[in-house]
Amino acid sequence: MSRSVRTRPEGSGQALSEAYDTALLDLDGVVYAGGSAIVHAVESLATAREGGMRLAYVTNNALRTPDVVAAHLTELGIPAEAGDVITSAQAVARLVGEQVPQGARVLVIGGEGLRVALRERGLVPVESADDDPVAVVQGYGGPELPWGRFAEASYAVARGLPWFASNTDLTIPSGRGIAPGNGAAVEVVRIATGAEPQVAGKPLPPMHRETILRTGAERPLVVGDRLDTDIEGAFNGEVDSLLVLTGVTDGARLLAAPPQHRPTYVDADLRGMLTGQPEVVGTGEGFRCGGWTATAGAGALELEGDGGALDGLRALCAAAWTAAGDGVCELDGGKALARLGL
């Protein structure tokens, strides 16, 4: 059975932290950026946790181990244990372990998080294509990863070994801006070999499966800042999502989102977990949220009224997504977004 196409953000009469039992939180761009906590994150997560919501931190970054991530969160004032952290390294290690024998050697192109995850699955990380590996696994190795590591991966993949990737995010946020992510490194090996990896991370099902297995969530809410990983991952897992605007997604990208990138809810930051969400109402004149009414005009999205910027953005989403149907909205939303300061 096909899913209905989302044409507007949903409302919620309950605080999201009460309506869902577990928050599956992305890290970069949601909880922290460049190593520092994002504004309102620490207090919002504390309030949600005190109210009974389980917090799980789900990241496509395969570099750091869950222990290291949990320690970093705790230092930021967000108490966490290793069991609260789920990484794409864990998801890809499970994927590899299901296809190769216990004790098998696996060529690792990446960091310590990937090596630890493979060892937990009874696999043996090796460093060279000449170490008799039976598979290749590639994850983010940090900005200092030597170029020669891509050559090792290419040699092994060209020999016909199965190739796995933790994730294919092309970029990763840093304290200085946007940097190349593991997806850019995967492209290097793809270009050299013409091969295609099996990918585990968001937005693909192996990552969602890993998250549910480790958290036992029954009513999860995915919370993220990226449409093509967090929100699409929720779509693929058929669970609800909250987009926060503290990371890479801006208003223009949101209005142009295809169905798999349309979040259930939209809010400015993690304080949105602690409140209900306003309803977007269809009227004969367009879509109303708060004091704003949005319509799809001739070649452009139009916005009338006044009020909070987020209400205006939610109304614009409804107008844009309804006009686009199961496609991408091509109407110009620049003027309307400028009215909202977005």
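1. Which side chain meets that of Arg-190 in a salt bridge? The partner is Glu-187, at 2.0 Å from N to O; a salt bridge here is a side-chain nitrogen of Lys or Arg within 4 Å of a carboxyl oxygen of Asp or Glu. An α-helix has 3.6 residues a turn, so residues three or four places apart point the same way. Glu-187 is partly exposed, at 31% relative accessible area (buried means under 20%, exposed over 50%, partly exposed in between, with a 1.4 Å probe and protein chains only).

2. The model is predicted: local features need pLDDT of at least 70 and side-chain atom pairs count only at pLDDT 80 or more, while totals for chains, interfaces and linings use all residues. Residues are numbered from 1 along each chain as its sequence is written, and side-chain values use heavy atoms, leaving out hydrogens and water.

3. The structure holds 19 salt bridges. One of them joins Glu-210 and Arg-121 at 4.0 Å, N to O. This pair links distant parts of the chain, 89 residues apart: Glu-210 lies in helix α8 (205-215), and Arg-121 in the loop between α5 (112-120) and β7 (124-126). Helices (H or I, at least four residues) and strands (E, at least two) are DSSP runs, numbered from the N terminus. Glu-210 is buried at 0% relative accessible area, whereas Arg-121 is partly exposed at 26%.

4. Asp-267 and Arg-314 form a salt bridge at 3.5 Å, N to O. Asp-267 is in strand β15 (265-267) and Arg-314 in helix α11 (309-324), 47 residues apart. Both residues are buried.

5. The largest nonpolar core has 28 residues; such a core is a set of buried Ala, Val, Leu, Ile, Met, Phe, Trp, Tyr and Cys residues joined through side-chain atoms within 4.5 Å. Leu-25, Val-31, Tyr-57, Leu-270 and Met-273 have the most contacts inside this core. Elements giving two or more residues to the core include β1 (22-25), α2 (41-50) and β4 (54-59). Met-273 touches, among others, Leu-25, Leu-45, Met-53, Leu-55 and Leu-242, not counting residues up to four places away in sequence; contact means heavy atoms within 4.5 Å.

6. In helix α6 (148-158), the buried residues include Arg-149, Phe-150, Glu-152 and Val-157. Their cover includes β6 (105-109), β8 (135-138), β9 (163-165) and α7 (182-193). Just after α6, Gly-160 takes a positive phi of about 100°.
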